[in-house]
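Me: Can you walk me through a protein structure? Keep it short, please.

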Amino acid sequence: GEDSRSFHVSIQGTPLSIVSVGETYSVTAVAGGQLILECPEDAVPPPHIEWHWEGSPLREDARRRVLAEGRFLQIRAVGAADGGEYSCRATNALGDTSLRVQVEVHG
């Protein structure tokens, strides 16, 4: 079998750089913009997805929202305090997988 992963990030109106280092992706965001991280899991049965920030469960608030049953994490009005390591963990009856993203904020 083959195991392939794709990873998509979008920031509205600003350029983006993604660097893959092993299983950790590095993303540069611009302060004041919007950042959307995707946990690319198309597993069957559909997995339960959890997001973490700096090793702790992510708390949603007015700026940080988990969308599409966990597949996307949206951060609005990105600020320096939003930098750090984000991870998503997808779990179903067949196992689990995780993805780490290191976010740096510039601006």
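Reply: Here is a quick tour of the charged pairs and the confidence.

Me: What kind of model is it?

Reply: It is a predicted model: local features need pLDDT of at least 70, side-chain atom pairs count only at pLDDT 80 or more, and totals for chains, interfaces and linings use all residues. Residues are numbered from 1 along each chain as its sequence is written, and side-chain values use heavy atoms, with hydrogens and water left out.

Me: OK. How many salt bridges does the structure hold?

Reply: There are 5 salt bridges. A salt bridge is a side-chain nitrogen of Lys or Arg within 4 Å of a carboxyl oxygen of Asp or Glu.

Me: What does glutamate 38 pair with?

Reply: Glutamate 38 forms a salt bridge with arginine 71. Their closest N and O atoms are 2.7 Å apart.

Me: And where do the two sit in the chain?

Reply: Glutamate 38 is in strand 4 (residues 35-38). Arginine 71 is in the loop between strand 7 (64-67) and strand 8 (72-75). The pair links distant parts of the chain, 33 residues apart. Strands (E, at least two residues) are DSSP runs, numbered from the N terminus.

Me: Is glutamate 38 buried or exposed?

Reply: Glutamate 38 counts as buried, because its relative accessibility is 7%. Buried means under 20% relative accessible area, exposed over 50%, partly exposed in between (1.4 Å probe, protein chains only). Arginine 71, at 23%, counts as partly exposed.

Me: Next one. Which residue does aspartate 82 bridge to?

Reply: Aspartate 82 bridges to arginine 64, with the closest N and O atoms 3.3 Å apart. Aspartate 82 lies in the loop between strand 8 and strand 9 (84-92), and arginine 64 in strand 7. They are 18 residues apart. Aspartate 82 is buried at 3%, and arginine 64 is buried at 9%.

Me: What about arginine 100?

Reply: Arginine 100 meets glutamate 85 in a salt bridge, at 3.9 Å from N to O. Arginine 100 is in strand 10 (residues 95-106), and glutamate 85 is in strand 9. Arginine 100 is partly exposed at 34%. Glutamate 85 is partly exposed too, at 28%.

Me: Which residues are joined into one network?

Reply: Arg63, Arg64 and Asp82, through salt bridges that share partners.

Me: New topic. Where is confidence lowest?

Reply: Confidence is lowest in strand 2 (residues 17-21), at a mean pLDDT of 50. Here pLDDT is the predictor's confidence in each residue, from 0 to 100. Strand 6 (residues 56-57) has the highest, at 96.

Me: And the average?

Reply: The protein averages a pLDDT of 82, and 79% of the residues score at least 70.

Technical notes. Helix = DSSP H or I, 4+ residues; strand = E, 2+ residues; numbered from the N terminus.
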